[in-house]
Amino acid sequence: VEALVRWRHPRFGLVPPNQFIPLAERTALVQPLTRWILNEAFRCAQSWQRRGISLFVSVNLSARNLHDPDLVERIQGLRETWGIPWSAIEFEITESALMKDPRRAAETLERVSGFGASLAIDDFGTGYSSLVNLRKLPFSKIKIDKSFVIGMRSNEEDAAIVRAIIELARPLGLKS
């Protein structure tokens, strides 16, 4: 399952994430929002584990999250607090988040991966990253952008792109 945040505003109703996440990222609000989302994701994962449901929860991390000096310790602390295995958590990072500060993002991802958490590159095919990231960074999965997947049944070019990404992922040991 994927942790997807939504905001139910008392006056404006359901506000989609593409309207409030960019604002949160431009301010200091993304850090407390991320802390809340991470805690809820770990809490849910523990609840499922206790009921014998073997699911993992996937959480998106933004560029600003990857530059938070406390992120890795916070993730480790939540895992210890909720007592779930690393196999129950996956973190998704978009290509564009990697490009903000590739060196620092790589350091953070290496540390998180070192715990045994799974990492996925999200919205693959729409960002600006180099294919070098697939080789150098500790990703275990490529999530092909939905714009290609949705169109692949009716658009041969989209289908070709999806096939090419899958063929690229296999020899690198990446799920797609």
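I take a nonpolar core to be a set of buried Ala, Val, Leu, Ile, Met, Phe, Trp, Tyr and Cys residues joined through side-chain atoms within 4.5 Å. Buried means under 20% relative accessible area, exposed over 50%, and partly exposed in between, with a 1.4 Å probe and protein chains only.

The model is predicted: local features need pLDDT of at least 70, side-chain atom pairs count only at pLDDT 80 or more, and totals for chains, interfaces and linings use all residues. Residues are numbered from 1 along each chain as its sequence is written, and side-chain values use heavy atoms, with hydrogens and water left out.

**Core.** I looked up the largest nonpolar core and found 47 residues in it. Phe91, Ile93, Phe139 and Ile142 have the most contacts inside this core. Its largest share, 8 residues, comes from helix 2 (residues 30–50). Helices (H or I, at least four residues) and strands (E, at least two) are DSSP runs, numbered from the N terminus.

I then checked Ile93 for contacts, meaning heavy atoms within 4.5 Å. Leaving aside neighbours within four places in sequence, I list Leu61, Leu66, Leu98, Leu109, Leu119, Ala120, Ile121, Asp122 and Phe139 as its contacts. In strand 5, Ile121 is also the bridge partner of Ile93. Two strands pair if DSSP finds at least two bridges between them. Strand 4 and strand 5 run parallel and are joined by 5 bridges. Strand 3 (residues 57–61) also pairs with strand 4 in the parallel sense, over 5 bridges. There, Val57 has Ile89 of strand 4 as its bridge partner.

**Helix 6.** I noted 14 residues (102–115) and a reach of 20 Å from first C-alpha to last, close to the 20 Å expected at 1.5 Å a residue. The expected span is 1.5 Å times one less than the number of residues. Which residues of helix 6 are buried? I find Ala105, Ala106, Thr108, Leu109 and Val112. They cover an arc of only 165° around the axis, which puts them on the same side of helix 6. The arc is that of the directions from the helix axis to the C-beta atoms. Arg103 and Gly114, on the other side, are exposed. What covers the buried residues includes helix 3 (63–66), helix 4 (71–82), strand 4 (89–94), helix 5 (95–100) and strand 5 (118–124). After helix 6 comes Gly116, with a positive phi near 110°.

**Trp82.** I located Trp82 in helix 4. Not counting residues up to four places away in sequence, Trp82 touches Asn39, Phe42, Arg43 and Gln46. Trp82 and Arg43 are 39 residues apart in sequence, yet 6.3 Å apart in space, C-alpha to C-alpha.

**Aromatic pairs.** I found 2 in the structure. Rings of Phe, Tyr and Trp (its six-membered ring) pair if their centres lie within 6.5 Å; planes under 30 degrees apart count as stacked, over 60 as edge-to-face and the rest as tilted. Trp7 and Phe20 have ring centres 5.7 Å apart and planes at 80°, so the pair is edge-to-face. Trp7 is in strand 1 (residues 7–9) and Phe20 in helix 1 (residues 17–26), 13 residues apart. Trp7 is partly exposed at 39% relative accessibility, whereas Phe20 is buried at 9%.

Trp86 and Phe115 are stacked, 5.0 Å centre to centre with 10° between the planes. Trp86 lies in the loop between helix 4 and strand 4, and Phe115 in helix 6, 29 residues apart. Trp86 counts as buried at 11%, while Phe115 is partly exposed at 28%.
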